[in-house]
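Please keep the three-dimensional view open while reading.

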Amino acid sequence: MRARLVVAAFALATVSALGIQTALVARAGFLMGDFHAFYCAAKVAAHGGDPYRSEPLHTCETAIGPAIFFQKNPGITIPAPLPGYAIGALVPLAWLPPAAAGALWLAILLLACAAAIVALTRFAELPWPVPVAAFALSLGAASLPFGEIVPIAIGAICLAAYFTWQGRWVAAAVFAAIAMIEPHLGLGTCLAMFIWTPKTRLPLVVAALLLAGLSLLTLGGATNLEYFVRILPAHALSEAARDTQFSLTSVLASLGFADVAAVRAGSVWYLVMLVAGTLAAGWLSKKARNAAFLACVPPAFAVFGGTFVHVTQIAAALPAALLVVSTVEPRRRTVAVIAALLLAVPWIMAWSPALGLAPAFPIAYLAWHYWNGSLRAALVAALVSGIVIVGLNQSLSTATPHPSHGYLGSPIDPDLAESSWSVFTSKSSTGALGGWLVRIPTWGGLILLLGLIVAENGFGHLKAMRRGRVA
């Protein structure tokens, strides 16, 4: 009976937090704002245009998006920095009226979230409320109101993990390829599976050829080349000053590094993390005898540093965190649980008094579950999270401005959507030192998780899972 009450209280808090966040996003005029950009990019591409240019992207967005956002931010174009194959996959949605396309998109996102939860319950052997608690804020409240594409990538990663766990390699390869809708998240999963599971190589090669073909068919060769050479660096710089960025490029840019150096350093670091995540995934999957690590571990490395890591993408580390908690030896389990608790919360919610108490609920439930139904543990965890949120909120209200405030970097080609977007992100970010303090719990969670994975690979021992296997 007590367990049911705890789950019911958590469910009510989750729905309330999502409702509050949706209301706040709607008030700002950005409800489904990212989807509107994706929809318009697909529509532009369907008519033979360049979806990365300010026009006709801006004209489409102002026609279908909430007027309040563009009234507050005249001249702003919301970029759609998706690869050609992702835009091509969205073209059928662009044939629908905006309202119908938006409703269908939301249904797809909800289905992706559900798929991630169900898959995690299987390959990590968890009761369903645990992944719900982990994703409630980090994936649900952080992504759904904006119409973000992140839930699709994470849902695909979790399904790829599930099918690798079952030894169904073709299905695993298909979902790993779908995770490439967010290339920097999905690439590590594809690479790890390609290297460590030979049976996925042919399906992955076929998938890569199909994605390349769709990209060429949608945008042509020149625009696809432009995406890698110009759009990705420009987009990284357009968000360099944003309070919701966790990338190495953003950190370096805020410290005064030249734009080119900041992007190059972020790119090199991403490659290092890509290799490290691929190696760690293979070693850990063999040691734990659970092939699901191949799909889950690389994205956790990918969101530590790099050129572009938005707060919504941090949720990609949670499948690895929950899987590690389920398999790590007892003496390291507390560290793994703390890492999962830190990663389950977008601590930037400290910016909003309306959402200030929201993190306490998933943290309390996860603590209650992992400490054997102890209400004392749940209350202590909730209290600590509340103190952290209040402290962060106070630091944000009293902190002195950081030198990065107002940073616009080198001028971005005005023809690109990122040009006006860089102005918006800079003006809508505080640049205060408190804005960096908010990111410390998340970075702490990533450091704990990645450090634990490295330690387990180096000299630890994981309990073998009964049904896990690697080909």
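A crossing of two helices is called left-handed if the near helix is turned anticlockwise from the far one by less than a right angle, and right-handed if the turn is clockwise. With that convention in hand, the crossing of helix 7 and helix 17 is left-handed. The model is a predicted one, and the points below are grouped by topic.

**Helix 7 against helix 17**

- Helix 7, which covers residues 129–143, packs against helix 17, which covers residues 360–370, at an angle of about 155 degrees, and their axes lie 9 Å apart.
- Because angles over 145 degrees count as roughly antiparallel, helix 7 and helix 17 are roughly antiparallel to each other.
- On the side of helix 7 the contact is made by P129, V130, A133, A134 and L137, and these meet P362, Y365, L366, H369 and Y370 of helix 17.
- Sorted by class, this contact of helix 7 with helix 17 contains nine nonpolar residues and one polar residue, with no charged residues.

**Cavities**

- When the whole structure is searched, four cavities of 30 Å³ or more are found.
- The largest cavity holds about 50 Å³ of space, and the residues that line the largest cavity are S138, F246, V311, I314, A315, L343, V345, P346 and T442.
- The lining of the largest cavity is made up, by class, of seven nonpolar and two polar residues, and no charged residues are present in it.
- The second largest cavity holds about 40 Å³ of space, and its lining consists of G29, G33, H36, E61, G65, P66, F69, F70 and I78.
- Helix 2 (33–46) and helix 4 (67–72) each contribute at least two residues to the lining of the second largest cavity.
- In the lining of the second largest cavity, four residues are nonpolar, four are polar and one is charged.

**Backbone details**

- The peptide bond that runs from E55 to P56 is cis, with an omega near 10 degrees, and P56 belongs to helix 3, which covers residues 54–64.
- M32 has a positive phi of about 60 degrees, although M32 is not a glycine, and this residue is found in the loop between helix 1 (2–27) and helix 2.

Definitions and conventions. Residues numbered from 1 in each chain as written. Predicted model: local features only at pLDDT ≥ 70, side-chain atom pairs only at ≥ 80, totals over all residues. Heavy atoms only, no water. Axes fitted to C-alpha atoms, helices over the stretch in contact; angles between N-to-C directions. Helix = DSSP H or I, 4+ residues; strand = E, 2+ residues; numbered from the N terminus. Parallel < 35°, antiparallel > 145°, perpendicular 65-115°, else oblique. Contact = heavy atoms within 4.5 Å. Nonpolar A, V, L, I, M, F, W, Y, C, P; charged D, E, K, R; others polar. 1 Å grid on protein atoms, 1.4 Å probe; cavity = no way out; pocket = protein on both sides within 12 Å on 5 of 7 lines; lining within 4 Å. Points joined across faces, edges and corners; volume = space filled by probe spheres on them.
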